[in-house]
Amino acid sequence: MNPGSAAGNLADWNRYSGPHQPTGQVFNMQLHGDARGMTKAMLKSPDGDSGVLMTFDTKGLPYMSLWKNESASLSVM
């Protein structure tokens, strides 16, 4: 999505290598759908005890964005 995301970091899009200075990366993914265009995406905790599953239509949402933030400090609202 931006030059910082594509600058040699595609191999590690799904790995945490931080903490780093706050330089967010955004990866747009085109997911495969079934015959009706439906697809699923899941985010789960490392221990597998909790997670969330999303089902959506790839015709209406053709891309999924993954925002990767490896900054040393995070603020939670």
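**Fold, pocket and contacts of the predicted chain**

The secondary structure of the chain comes to one helix and four strands, with helices (H or I, at least four residues) and strands (E, at least two) taken as DSSP runs and numbered from the N terminus. Read from the N terminus on, the order is α-β-β-β-β. This is a predicted model, so to speak of local features a pLDDT of at least 70 is needed, and side-chain atom pairs count only at pLDDT 80 or more, while totals for chains, interfaces and linings use all residues. Residues are numbered from 1 along each chain as its sequence is written, and side-chain values use heavy atoms, with hydrogens and water left out.

On confidence, the chain averages a pLDDT of 80, and 74% of the residues score at least 70; pLDDT is the predictor's confidence in each residue, from 0 to 100.

Next comes the pairing of β2 and β3. These strands run antiparallel to each other over seven bridges, where pairing takes at least two bridges found by DSSP between two strands. Met42 has Leu53 of β3 as its bridge partner, and Lys40 stands opposite Thr55 in β3. Six residues sit between the strands of this hairpin, and Gly48 there takes a positive phi near 80°.

Then there is the empty space. Rolling a probe the size of a water molecule over the atoms shows where such space is left. The largest pocket holds about 480 Å³. On a 1 Å grid over the protein atoms alone, a pocket is an open set of points with protein on both sides within 12 Å along at least five of seven lines, whereas a cavity is a set where a 1.4 Å probe fits but cannot get out; lining residues have an atom within 4 Å of a point. Grid points are joined across faces, edges and corners, and the volume is the space filled by probe spheres set on them. Of the 20 residues that line the largest pocket, Trp13, Met42, Leu43, Met64 and Leu66 are the closest to its centre. The elements giving two or more residues to this lining are β2 (38-44), β3 (51-57) and β4 (64-68), and β4 supplies the largest share, five residues. By type, the lining splits into 14 nonpolar, two polar and four charged residues, counting Ala, Val, Leu, Ile, Met, Phe, Trp, Tyr, Cys and Pro as nonpolar, Asp, Glu, Lys and Arg as charged, and the others, Gly among them, as polar.

As for burial, 17% of the 77 residues of the chain count as buried, meaning under 20% relative accessible area, with exposed over 50% and partly exposed in between (1.4 Å probe, protein chains only). Gln25, in strand β1 (residues 25-29), is buried at a relative accessible area of 10%. Gln25 and Asn69 lie 44 residues apart in sequence, yet 6.6 Å apart in space, C-alpha to C-alpha. Thr58, in the loop between β3 and β4, is also buried, at 16%. Between Thr58 and Leu31 there are 27 residues in sequence and 7.4 Å in space, again C-alpha to C-alpha.

Last, the charges. The count comes to one salt bridge, defined as a side-chain nitrogen of Lys or Arg within 4 Å of a carboxyl oxygen of Asp or Glu. Asp34 forms a salt bridge with Arg36, with the closest N and O atoms 4.0 Å apart. Asp34 is partly exposed, with a relative accessible area of 40%, and Arg36 is exposed, at 59%.
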